[in-house]
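Please look over the notes below with the model open beside you. They are grouped by region.

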Amino acid sequence: MGIKKVGLNRNIQPQSLTEKIFFLDFMKGLRTTIKHLFKKVITVDFPFELVEPAPRFRGIHGLRNVDGTEKDDFQAWVKKLKIKPPEMGETRCIACKFCQAACPVPEIFVIKADKLDVPEDHPHHGLKVMTQFDMDLSKCMFCGLCTLACPTICIIHTDVYDLSAYTRRGCVLDKETLSKIADDFVARRGKEKYDEKSQWPDWQKIWDDADKARAKAWDNNPPKLGPNYADQQ
Amino acid sequence: MSWITLDKINELKEKFEFIQINENEKGFHSVELPKENLKQFLRFLKDDPDYSFKMFIDWTIIDHGAKAEPRFQGVLILFSPEYKERIIIKTWATDETLPTLTDIWPGAKWAEREAWDMFGIKFDGHKNLVRMFLWETYPYHPLRKDFPLKGHQEVELPSLNEKERMDQLEGLQNYSRMHTALPTLEDLEITQKKRMPNKKSQVVLNWGPLHPGTHGTIWFLFDMESEYVQDCDIIIGQLHRGVEKIAENLNVQQILPYTDRMDYIASMNENHSVCVAAEKLLGIHEKIPPKAKYIRTMLAELSRINSHLLWLGTYALDLGALTMFLYTFREREKIMDIFEGITGARFTINYFRVGGVYADLPYGALDAIEHFIKDFPTRLSDYENLLTRNRIWLKRNVDVGVITEQDVYDYGLTGAVARAAGVPYDLRIIDKYDAYSEVEFDVPVGEKGDSYDRYLVRIEEMKQSSRIVQQCIDKLRKMSKNDPFFFEPEDKKMKITIDGRGTKLFKGEVYAGADNPRGELGVYIYMPKDGIKPYRFRLRSGAFYNLQIFPKLMIGRPIADAITILSTIDPVVGETDR
């Protein structure tokens, strides 16, 4: 560790007389720009060509449904919070409100769970079910704290990034919309992002290396992806 | 740790009977003294060769609540460039006044104006004590503890409700018609007149707040005689969001996304500052897993390259070299791609956590970074071919905006601006936080302190950063995929979570920070007792103090130099305004 002195006359020589007369400094610059003239295009022709967001991309939220890839302690959480055991296709949300507690702007969420209206001898008597889950995404920072807090990996970030609406009402998503977004996302890219227990696996890639549009932005010379660590496959 | 030792403080105590020592087991001790003796004591500290606390770092206020008597306490942080140590001096602001320090350090000018704006503390002897961020007619002082978080909502703004176009939202998600006070055009006129009370010539040129050359919303006033600037002042605060006030109502992991939005070009580094400070307060900074340390160091340096590339592109663009802007943005795109893949966001990243990082690197991350770093030096030499010895570039930069070593100490300049003036002030070397003690790099230092030196220093910093990144990659390659990336506390009293719920801070105070592309972002946290929310969360912004020297550099210069000087100081308004 040291100190490196920089400055005119120290590591940069001032212009010599020949350079001044023959405009050699401009020639040098022009050589660089002309070299670039013969290179391939590096810009992406949006919206006809799209870069696929990375698997970890934090886009619009979604609420995952039960699809057999829950974490091992999912049933324990359901029991603990006295939620009606969800069947296949029903939401994973157990209305624990951890997402709201972790959120820097808790006003985003409106979460409600109501008791089921069933007779006393019914097996679901006294159990609750999540009835309202509204998210006002116009207030959201997309920081990802809610997804880290979720014990059942229900609330997730998807790769959808165009959240435009004509009114503020359009930025408020309810539980049906959120479920649909998540189902769509998991069907498209779930295999890239999650393992069979819905966790982020160590083979989750930094991005899809077959993406041609992204390769363009990398000067048509994209990196070859390999393992990070010595013991990784 | 670069703090004054207890022995040296005890020697001070022998000389000055009125000082009181607050010992602290976390490694640094503060000195408390009555405000009547403050200036005499500070002059001694500044001039005495055994101490020589020449460099001004920060000067702020703690509000101890409406019931406390006395209520406000001034906190001054100084740095001694010779002994590489800091000191914290505290004094009580009885009757809500304090003596001004502007005659000892001119850099205290804006700090005192900020303290007046935010806390309503008057400074005796300050030449023009006007508000810093808010407009002159604003009646409140928002950082006082009795000011509500949502402000006093007293202006009706029905347009926000969109009543005609939408059905009314219900419950919490509805918008209130009432809004906190907003400045009118009259208010702004009063503000402008108060900022520059004595006009010297006929024309006052307004530059900004919305001008592409100001790189944000800064409003400059130039008092001009022909094309030479006689007097200059800056009105900032158009982007003031009260990050410090918000932070005092959140837990420490929740503060991180807000710091993303301060210096939005280098948000990784902003997160880094807060993480380092909170970890030092908890006493766990040395115990962070090595994997997290190397990942953080590597990404912080990549973020520095990213930020300097944006600076280089826009700076050259401002001086007329459009091609540079396109070239640097091509390289930035690659870094943003890497950030997107690792963290999930391209710009407002929020990847670092107090205690490590929130996830391990994804498959292929190190390869992508290595690919970029291998390619980067040839790109950098392209940039240098275009600019470094170009005659127009030399004419517009050499000997423009010369900052001397004395200016650095007086104004508390940090980052590349200080280093170009010949002061090797770099927190990476002084504090050696994270993995910086284990990697090799040089600190580039300029000679003259003009704009050209600042350009050369930043170019050299990019080269050094890529050196650091390469070393971090080599270290990370040897680690295992099962190594932890987040700190697990053994102490049962301590609770740290990745999502922030229940993360507690301990009683005490800390000043720490990281060396950001725009200077030192110091974080001062004061906790009177254990708790979740920080009681006082002060962000010492490097860009804020660096911008302060701009009027001094502009006086006597032609107006065209404003672009060059502002670009090489390189403020980001999100960070100056907070």
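1. **A loop residue in chain A.** Asp162(A) sits in the loop between strand S5 (155-157) and strand S6 (172-173) of chain A. Helices (H or I, at least four residues) and strands (E, at least two) are DSSP runs, numbered from the N terminus. Is Asp162(A) buried or exposed? It counts as exposed, because it has 7 C-beta neighbours inside 10 Å. For the cut-offs, a residue is buried if 20 or more other C-beta atoms lie within 10 Å of its own, exposed if 12 or fewer, and partly exposed in between, with C-beta atoms placed from the backbone. Glu87(A) is 75 residues away from Asp162(A) along the chain, and their C-alpha atoms are separated by 32 Å.

2. **What kind of model this is.** This is a predicted model, in which local features need pLDDT of at least 70, side-chain atom pairs count only at pLDDT 80 or more, and totals for chains, interfaces and linings use all residues. Residues are numbered from 1 along each chain as its sequence is written, while chains are lettered from A and ligands numbered from 1 in the order in which they are written. The predictor gives the complex an ipTM of 0.89 and a pTM of 0.89. Chain B averages a pLDDT (the predictor's confidence in each residue, from 0 to 100) of 85. In chain B, 96% of the residues score at least 70.

3. **The sheet in chain A.** Strand S6 of chain A also belongs to an open sheet of 3 strands, ordered S3-S4-S6, with antiparallel pairing. Two strands pair if DSSP finds at least two bridges between them. Strand S3 (109-115) and S6 of chain A are the edge strands; each has a single partner strand, so one side of each is left without a neighbour in the sheet.

4. **Strand partners in that sheet.** S3(A) and S4(A) are antiparallel and share 7 bridges. Phe109(A) has Met135(A) in S4(A) as its bridge partner. S4(A) and S6(A) are antiparallel too, over 2 bridges. Here Met135(A) stands opposite Leu173(A), and Asp136(A) stands opposite Val172(A). In a regular strand the side chains alternate between the two faces of the sheet.

5. Which helix lies across S4 and S6 of chain A? It is helix H6 (residues 175-193) of chain A, running at about 85° to S4(A). Axes are lines fitted to C-alpha atoms, for helices over the stretch in contact, and angles run from 0 to 180 degrees between N-to-C directions.

6. **Where the chains meet.** In chain A, 61 residues are in contact with 69 residues of chain B. Two residues are in contact if their C-beta atoms, placed from the backbone, lie within 7 Å. Elements of chain A that each supply at least two residues to this side include strand S1 (2-5), helix H2 (24-37) and strand S4 (128-136). H2(A) gives the most, with 5 residues. By class, this side of chain A has 31 nonpolar, 13 polar and 17 charged residues. Ala, Val, Leu, Ile, Met, Phe, Trp, Tyr, Cys and Pro count as nonpolar, Asp, Glu, Lys and Arg as charged, and the others, Gly among them, as polar.

7. **Strand pairing between chains.** S1(A) runs parallel to strand S15 (residues 442-445) of chain B, joined by 4 bridges. Lys4(A) has Pro444(B) as its bridge partner there.

8. **The sheet in chain B.** This open sheet has 5 strands in the order S1-S2-S5-S4-S3, with mixed pairing. Strand S1 (20-22) and strand S3 (55-63) of chain B stand at the edges. From one strand to the next, the twist averages 25°. S3(B) is antiparallel to strand S4 (residues 72-80) of chain B, with 8 bridges between them. Thr60(B) stands opposite Val75(B) in S4(B).

9. **Domains of chain B.** The domain assignment gives domain 1 (6-124) and domain 2 (243-540). Such bounds come from an automatic or database domain assignment. The domain centres, taken over C-alpha atoms, are 28 Å apart. Between these domains, 17 residues of domain 1 are in contact with 17 residues of domain 2. S3(B) gives the most to the domain 1 side, with 6 residues.
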